[in-house]
Every structure is written in structure tokens, then in C-alpha cells.
Amino acid sequence: MNVPVEKNSSFSKELQQTLRSRHLLRTELSFSDEMIEWHIKNGYITAENSISINKRRYRCNRCGQTDQRYFSFYHSSGKNKLYCRSCVMMGRVSEEVPLYSWKEENESNWKSIKLTWDGKLSSGQQKAANVLIEAISKKEELLIWAVCGAGKTEMLFPGIESALNQGLRVCIATPRTDVVLELAPRLKAAFQGADISALYGGSDDKGRLSPLMISTTHQLLRYKDAIDVMIIDEVDAFPYSADQTLQFAVQKARKKNSTLVYLSATPPKELKRKALNGQLHSVRIPARHHRKPLPEPRFVWCGNWKKKLNRNKIPPAVKRWIEFHVKEGRPVFLFVPSVSILEKAAACFKGVHCRTASVHAEDKHRKEKVQQFRDGQLDLLITTTILERGVTVPKVQTGVLGAESSIFTESALVQIAGRTGRHKEYADGDVIYFHFGKTKSMLDARKHIKEMNELAAKVECTD
Amino acid sequence: MSNEAGGGIHKLICLLCDSQFSQDVTWRALFLLKPDEKVCYSCRSKLKKITGHICPLCGRPQSVHAVCRDCEVWRTRIRDSLLLRQNRSVYTYNDMMKETLSRFKFRGDAEIINAFKSDFSSTFSKVYPDKHFVLVPIPLSKEREEERGFNQAHLLAECLDRPSHHPLIRLNNEKQSKKKKTERLLSECIFDTKNNSAEGMNIILIDDLYTTGATLHFAARCLLEKGKAASVSSFTLIRS
């Protein structure tokens, strides 16, 4: 860098530590004004406008928001000041308040890291792992399209190990805090002794920079040009696919010359299209690690279930199905379209003889209830789409009530079907879409799963 | 501006939870006579207004209509002629409100004032129907106001569409919310005013939160004692 040599002795190591590869506001820096001024004057720090204005359209340079509804004013010392409401919870970005970053390239100097995981990858996982290592060395984009229960996390291990040993910073980004909390201990166990930070709103590691980072996409807003290997888990999951600013966060946090890996069981259309016509390198793992085919969903018509619930009745087909499995000692997952229906359904199940709980996004006891379900203390868990991903319970049977609702998109239905049969000893099980009229999403979801099974049989990934 | 395809006549974004909601289509709404709702139904229902019995002095929601213990203590500490006459508030301080207020004040999201505006002004005209009152928003210290960029009490006073006066000067600059209850009750000298600055006025102090009442009681005392105000009451957004 073009920093004069004689000044090298006087820059602040501490400030460098705090600002390197970051993108921070003045309020996030606990240093004196003089110190920051001095570093700007001597070319160590850049200060850029936090909101840019182009033809009367505003853009927040921290979160990338361009929807004008998110920009508002506060009145301060006789002037209206513009600020961004989209990321205000991370500290207010307003005009005249710059965003600071350290100019110098960051050098990586961490010790070599050994994979301490002693599991074995299936042939499908191994294939993906090899492709990933290649993508890392070539700094390419890659889509790993792996079915639910393929063992996505494990297949990342060899790639992460190789990247870390090349001095590359790796980040696994996911839209959900739940996933960060689930992944962090697994990675810490797999890479014992490595410096790993888990970043989510309220975590102790917030704002840290380490060789391996597991982060919610939101927390990435604090970084800039930091990541060499960016792995986006559940790329299609809400809210990443919905929220433009989170995509901006990912692009900003990764280096210009870096690897970008998308990981999903149900990639969004655009990625699928790119993968199919060769614009995006991709690898498909059509089978689960236990080499059994995916359970295919069945459609069961259950009449006007809304009306029945309003009359405090469970549709008989649903009731019979649940009672059958509960009697056999198999836990049942029942997905419903909304919180209000969840409450109604939970009330209806009060009369049925099984241990029932319901859980939704804002439930304070969400963690405990899910844990009880995992431990086998509950027979039936009624839930909204929040548990469509990541939850693994052996022997579980899955039903969707009101599968025709618009919230159950193809990818949601495929993910939900992916809850069943994840354990190798109970690889089979029911997936039932209870409906009052089939939708295209339901048909597409079933087709998707069938295709994956056919592909798996063809390439002999299943027994 | 809508980035969703299709949609009804009137799609709005909730100020608090960012989700999309729609407003009932009525003739008034259609002819733009009614301002747009700012908050969705679900968030609105989580902001609880104070109803039912309250303490006649501080406006605290409680099960009986009687002076509460805290107010009894205030009565013994300050002479009747220098006492805040009464306080009234709009909302209770529940979790939703805590979250919203912290976003508004500490994160500095000034736009959130629009979520409170209509409730704040309609409750005000219900409890203080007289027009001869003078509004005095509680000032912030200079440092605090610079950091935040605005004074939430000013924004609240602006909602009421009446002229306001600024006779009070804030002396120390610590945040009240960072102090313990006893500390707050002890720090009497937080305001000053010029002699006779409010002579003969009937004042209503405006603030965001009534917690122990210390801020408002000391402001009242200052205005009555030194400013020679005729009476001082208060109106806050929240009674915790």
C-alpha cells in the first residue's frame, strides 16, 4: 500500500484491529476524534458517505437499501437529517455520518488447522467436497444442490480445512439465528482449537473477525472486503431471498476476488436456471447420506378444514392419521399455514389423547418445546413454517394441514417433506399433504422429490 | 414503490415490524380524508393503552382508584404548593413498548413518532380538554441531544399541535434510565430556569416516560418555585 514507511511506527494497532475488513460508524469506534482524524489524514482509514443520493434516490451504503420508504428524516439543530430505517437497529446511519474502514489489505497469519472430525463422508458427500475444494482454489461461484438430510454441513469440512490452511477466511452465512446456533458447536467440535466466531444479534462475538465465521446475513453488514470463501447456507430461505439488503451484505462482506458457494436443497429458480444452462458451476447430491430414497409425499383430500376447525373439529382424515402414528409410538409433525390457524388447531387437539404442543416464531418457549419434541416427551408438535428446516427428529412423520395455502411454496413443501426419514434406521415414513384442492406448488414439490430419487437411482447413490 | 406484484388498493408497510398490511377500504380512506395507518393490526394490539382504574395523581394503572404509595411519598417530600398536580399517560410499559421506545430513543429512529401520533393527541385532548395550557417539553442535555439528533419530548409535543415554551434548562447530563431508583430520587438539581420565566402559566410538561416521576416532579418544582408558574401537570407517552 502507498503508506509512507516512517509513519508505520505510529499508527494504532488497536484501531487497525477494530477497523480491518470492517465497515463501521463513528459510534461503533471507541477512539478519540483526533486519533481518527490523524489516521484519515495519513491515509490509513477511508471515510465514505453513508448515504448516497442519485437523482433524488437514496441508497444506504451500509445495508444497500434503495427502497425509498425506508428513508426518513429527523430534525436536528434547524436542519432535516436523512437517515436509513432499514438498518437503524445496528446504529443509525444518517447523512453526514461517514462509514469508516481500514485501507490496508489484511494479511492472514493464523496457525494451520486440523480437521478433528472422524466421521466418514458418503460417496455423494465426497464428490461435493472435492468440487468445493476446487472451487475454493479457483475462486469460483458454486451451487451445491443437496437434498434434505444429505449431510450438507459435513461435506463442507474438507473444503473449510483446505481454505483455512491456505490462509483464507471462511464464512458460513445463513439467514437464521437458529442455524448459527446449531452450526457453531458442530464446527467447533470439528475444528478443535480453531478460532471460530458465531455472529448473531446479541452474541458475544459480535463484530469479531476470525478465520472461520458463522454469521447471520444481517451481521455481515458490519464487514467489508473480509471474506475469501463465502458459503451461503439455505440460500432460498426467508428472509435472504426476500430481502435485497441481505444479498448486498453478502456481496459487501466478501472480497472482490473470492469464492461464493450457495448451499440448498431447494435452490431458487434463478440459480437453478443458471446452473442448468452452465452459467453457474453446480454439483447435485440427490441422495441422503444413509443411501435410502427420500419419502415421497402423498396427497390426501381433507375437505374444508378451515370450516371444520372453526367448529372445533379436526378433519377426520388428519385425526385418524395422527392417532395411528401416535399409537405406534411415532412422533408427528403437523405444519399449518399461519399462527391463527395454529392456535385453532391446538385448541381442537386438546380433546385428543396425545401429548401436544404448538410452536410459532414468537413463542417464548420455542427452544424448550422443540427440545421436548426431540427428546420424545411430545407426541405431536403443531407448527408454522418456522420449523421447516434444520430440525431432525428420528422416526418423525410429517403432515401438512392446508397444503394448498400460498405460504406453502414448492421449496417449503420440499423442505417439510425433508423432515421425515432422516435417521438411517428409520429412513422411511409418511409425508402427507392434507389439502382442499391441489396446487401447482404441491405437484411441483412431489415432482421435485421424485426426480431427485430417480437421479439418485441412476447414479447409484441409493441402495 | 411496491416491489410485490399485484396487490390490493392500499398496501402499507408497518413502521414497527416492517411487514406489509392493508387498510380497510372506506369512503373516507378512498378520498384521502383519513391519514394512512402507520402500524399493522398485530403491532397495534400489542401496544396497550392505559384503561380502567388509575392513581389520580400519577396516572399509574392499578386495581383501585386511590393515590398510590409512590405518590404518598412525593407528598411528604415536596410541599403541596410545589407539587406536580397530576400526570396522565397513554400506554403501559410492556415488552413491545420497551422495544419500540428503545428503537425510537436509543437507536434514534425518529420516524416512529408517527406510530404514536394519533393516540398521543387523542388521549391528550381527552384528559386535558382545556385550551389555556402551555406545553413544556422536558429538555435533554446538550450532549444527549447532539448524540441522538433530536429530543423525543419535542417530537411528542409537536404531535399536539399547540405552541410550546422552553423555559427549562437541563443541568447534569447523565441518563435517568442508567440510574437506580434511589439515585434518581436524590438528584434534585437537574433543572434550572430564569426567574419568573413561567409567571402565571398553567403548564403541562411533556415527556416520553414516567417511571419514578423524579424528572417531572423536579421540573415542576423548578417551574413553580423559580418560574412562578400557576400550576404544573404532565402528560407522558408511557407510565411504567
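## Helix pair in chain B

In chain B, helix H5(B) touches helix H7(B) through Ile113(B), Lys117(B), Phe120(B) and Ser121(B), which meet Leu155(B), Leu156(B) and Cys159(B) of H7(B). Sorted by class, the residues of this contact are five nonpolar, one polar and one charged. The structure is a predicted model, and the values given here are computed.

## Geometry of the crossing

Helix H5 of chain B covers residues 113–127, and helix H7 of chain B covers residues 152–159. Their axes come within 9 Å and cross at roughly 50°. H5(B) and H7(B) are therefore oblique to each other, since an angle counts as roughly parallel under 35 degrees and as roughly perpendicular from 65 to 115. The crossing in which H5(B) passes H7(B) is right-handed.

## Interface of chain A and chain B

Chain A contributes 19 residues to the contact between the chains, and chain B contributes 19 residues. About 1500 Å² is buried between chain A and chain B, with 42% of that area coming from carbon and sulfur atoms. On the chain A side, the most area is lost to chain B by Arg69(A), Arg85(A) and Met89(A). Together these residues make up 39% of what the chain A side buries.

## Salt bridges between the chains

How many salt bridges does the rule find across the interface of chain A and chain B? There are two. Among them is a pairing of Lys46(B) with Glu362(A), where the closest N and O atoms are 3.2 Å apart.

Definitions and conventions
Residues are numbered from 1 along each chain as its sequence is written. Chains are lettered from A and ligands numbered from 1 in the order in which they are written. This is a predicted model: local features need pLDDT of at least 70, side-chain atom pairs count only at pLDDT 80 or more; totals for chains, interfaces and linings use all residues. Side-chain values use heavy atoms; hydrogens and water are left out. Axes are lines fitted to C-alpha atoms, for helices over the stretch in contact, and angles run from 0 to 180 degrees between N-to-C directions. Helices (H or I, at least four residues) and strands (E, at least two) are DSSP runs, numbered from the N terminus. Angles under 35 degrees count as roughly parallel, over 145 as roughly antiparallel, 65 to 115 as roughly perpendicular and the rest as oblique. A crossing is left-handed if the near helix is turned anticlockwise from the far one by less than a right angle, and right-handed if clockwise. Contact means heavy atoms within 4.5 Å. Ala, Val, Leu, Ile, Met, Phe, Trp, Tyr, Cys and Pro count as nonpolar, Asp, Glu, Lys and Arg as charged, and the others, Gly among them, as polar. Buried area is the accessible area (1.4 Å probe) that two parts lose on being put together, summed over both. A salt bridge is a side-chain nitrogen of Lys or Arg within 4 Å of a carboxyl oxygen of Asp or Glu.
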